[in-house]
Amino acid sequence: MMSLLIVLTVLLVACSVVKQSSSQQEMLVYVGSYAKPDAESIFAYRLDEENGTLTKAFAVKGGENPSFLTLDNDRKHLYAVNETTEYEGQKSGAVSAFSVDQRTGNLTFLNKQPSLGGAPCYISLDHKNKMAMVANYVGGNVSAYLVQPDGRLSASTDMEQHAGKGPRPQQQDGPHAHCITPDPNNNFALAVDLGIDQVISYKIDKESGKLERQSAYTAKTGAGPRHLTFHPNKRFAYVINELNATLTAFNYNPQTGALTEVETVPTLPADYTGENSCADIHVSADGRFLYGSNRGHNSIVVFAIDQNTNKLTLVQHASTQGNWPRNFTFSPSGKTMLVANQRSNNITTFKVDTQTGKLTYTGNSAAVPSPVYVQVVPAFPQTPRP
């Protein structure tokens with residue numbers, strides 16, 4: 001009898017461990033998309049990291065084209081740009097705030113504000129969740145908001161208009177802000193403008209929600225800088241250039257917010273001659289590898305980062321198993337990558353070899369209409385199951 005009790009106890013403990021392990025591997029993926037005003041447009045999927053499968057958990061109506069999303073540090077609020085060119089009679093898009101149900105991860109709309117420029121395509125929060133910043137592509141400007149205690153967004157506290165144009169009339173007829181993100185020390189925000197080939201540094205005031213221009217880096221003429229990301233060491237930064245299919249590594253000065261170019265490298269294989277438009281860029285959590293997306297070549301390019309010089313060495317071009325990879329992201333463990341393939345309406349998953357940086361397709365893909373943005377967080381206790 002005693003031995004039977006011991007066996008049952010061991011089995012119960014084993015089941016508990018397996019259940020806990022499974023729970024730890026399950027993540028929730030929020031997806032922003034292009035959609036009509038009354039359609040479901042912000043989606044949530046469960047990700048099983050063990051095999052890379054995605055299963056739909058729920059979807060909400062996030063307004064028209066909630067293309068780019070961001071969650072606050074506590075996962076209590078989610079913010080989305082509504083990428084349109086008209087809002088309430090203004091030549092403007094909008095930015096929306098949602099509360100996040102702490103049991104399920106589901107979203108409840110809080111409020112919406114005009115973005116003060118057409119086609120907002122990027123939103124970020126400062127690292128203390130006090131201030132939201134938006135890049136308006138058509139408007140060619142960046143705007144700022146204060147985050148209220150209940151998660152709602154204030155009316156805009158600042159708008160900084162960019163000026164100029166580039167040599168490519170179709171894409172650079174004027175300023176086109178494509179990204180604004182805080183630096184690791186939360187003192188500056190760097191705004192990337194594709195239309196004028198510049199990265200503009202702003203000092204941020206989290207109490208007043210103001211942006212004060214400090215300096216600007218000018219890229220190669222016609223490069224079309226699009227997105228920027230920082231290295232975990234806080235001293236390196238990287239920009240992916242949409243129009244000339246290159247990626248630039250920088251040394252970053254945290255005291256001044258200034259960028260100093262280290263080198264610029266191609267994102268495409270030397271023998272590729274088709275169309276291409278670069279999109280997103282990320283560094284692995286350990287800082288050893290840099291990744292960028294190629295739309296047209298439909299690949300993720302992988303580089304190894306020299307930790308002393310910040311020079312880049314090509315590792316791989318991995319097919320995204322879809323068409324027009326817009327944004328991509330890593331799971332919190334860094335062992336899984338998810339890619340939003342906008343034109344093929346799917347999200348694909350990849351295993352990440354953390355020693356080599358290489359990507360391997362898991363064979364799993366989820367059908368999602370016009371996915372643009374993906375963000376992965378641990379699943380909530382009662383996130384719906386299919």
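Which residues does Asn 186 touch, not counting residues up to four places away in sequence? They are Asp 126, His 127, Lys 128, Ile 204 and Lys 206. Keep in mind throughout that this is a predicted model.

Asn 186 sits in the loop between E12 and strand E13 (188-193). Although it is a loop residue, Asn 186 has a relative accessible area of 6%. That is under the 20% cut-off, so Asn 186 counts as buried.

The Asn 186 side chain reaches the backbone nitrogen of His 127, at 2.9 Å. His 127 is also on the contact list of Asn 186, flanked there by Asp 126 and Lys 128.

## The largest pocket

Now for the open space. The largest pocket holds about 1400 Å³. Its lining takes in 49 residues, and Thr 229, His 282, Thr 329, Tyr 373 and Gln 375 are the closest to the pocket centre. Sorted by class, the lining comes out as 23 nonpolar, 18 polar and eight charged residues.

At least two lining residues each come from strand E4 (69-71), strand E8 (120-125), strand E12 (177-182), strand E16 (225-230), strand E20 (277-283), strand E21 (289-295), strand E24 (325-330) and strand E28 (371-378). E28 gives the largest share, with five residues.

## The second largest pocket

The second largest pocket has about 290 Å³ of space. It is lined by 14 residues, and nearest its centre you'll find Gln 171, Glu 242, Leu 243, Ser 277 and Arg 295.

If you want to find the cavity on screen, look for Ser 67, Phe 68, Glu 83, Cys 121, His 178, Arg 226, His 227, Arg 326, Asn 327 and Val 372, which line it. By class, that lining has three nonpolar, four polar and three charged residues.

## Gln 172, a buried loop residue

Gln 172 is found in the loop between strand E11 (158-161) and E12. With a relative accessible area of 1%, Gln 172 is buried. Its side chain makes a polar contact with the side chain of Asp 197, at 2.8 Å.

The rest of the neighbourhood is worth a look. Leaving out residues up to four places away in sequence, Gln 172 touches Lys 165, Gly 166, Pro 167, Leu 194, Gly 195, Asp 197, Gly 222, Gly 224 and Leu 243. Leu 243 ties this spot to the second largest pocket, being one of the residues nearest that pocket's centre.

## Asn 345, partly exposed

Is Asn 345 buried or partly exposed? Its relative accessible area is 34%, so Asn 345 counts as partly exposed. Its place is in the loop between strand E25 (336-341) and strand E26 (346-352).

Beyond its neighbours within four places in sequence, Asn 345 is in contact with Ala 366, Ala 367, Val 368, Pro 369, Ser 370 and Pro 371. Ala 366 is 21 residues away along the chain, with 8.5 Å between the two C-alpha atoms. As for Ser 370, its backbone nitrogen lies 2.9 Å from a polar atom of the Asn 345 side chain.

In soluble globular proteins, nonpolar side chains tend to be buried together. Here the largest nonpolar core has 60 residues, and Tyr 30, Leu 78, Leu 211 and Leu 259 have the most contacts inside it. There's also a second, separate core of 16 residues, including Ile 240, Leu 268, Ile 281 and Val 283.

Leu 107, in strand E7 (residues 107-114), is buried at 11% relative accessibility. Setting aside neighbours within four places in sequence, Leu 107 is in contact with Tyr 30, Ile 42, Val 60, Leu 78, Phe 98, Ser 99 and Val 100. Two of those contacts, Tyr 30 and Leu 78, are among the residues with the most contacts in the largest core. Leu 78 is 29 residues from Leu 107 in sequence, yet their C-alpha atoms are 7.9 Å apart in space.

Methods:
Residues numbered from 1 in each chain as written. Predicted model: local features only at pLDDT ≥ 70, side-chain atom pairs only at ≥ 80, totals over all residues. Heavy atoms only, no water. 1 Å grid on protein atoms, 1.4 Å probe; cavity = no way out; pocket = protein on both sides within 12 Å on 5 of 7 lines; lining within 4 Å. Points joined across faces, edges and corners; volume = space filled by probe spheres on them. Helix = DSSP H or I, 4+ residues; strand = E, 2+ residues; numbered from the N terminus. Nonpolar A, V, L, I, M, F, W, Y, C, P; charged D, E, K, R; others polar. Buried < 20%, exposed > 50% of the residue type's maximum accessible area, 1.4 Å probe, protein only. Polar contact = N/O pair within 3.5 Å; in protein donor to acceptor, adjacent residues only side chain to side chain. Contact = heavy atoms within 4.5 Å. Core = buried A, V, L, I, M, F, W, Y, C linked by side-chain atoms within 4.5 Å.
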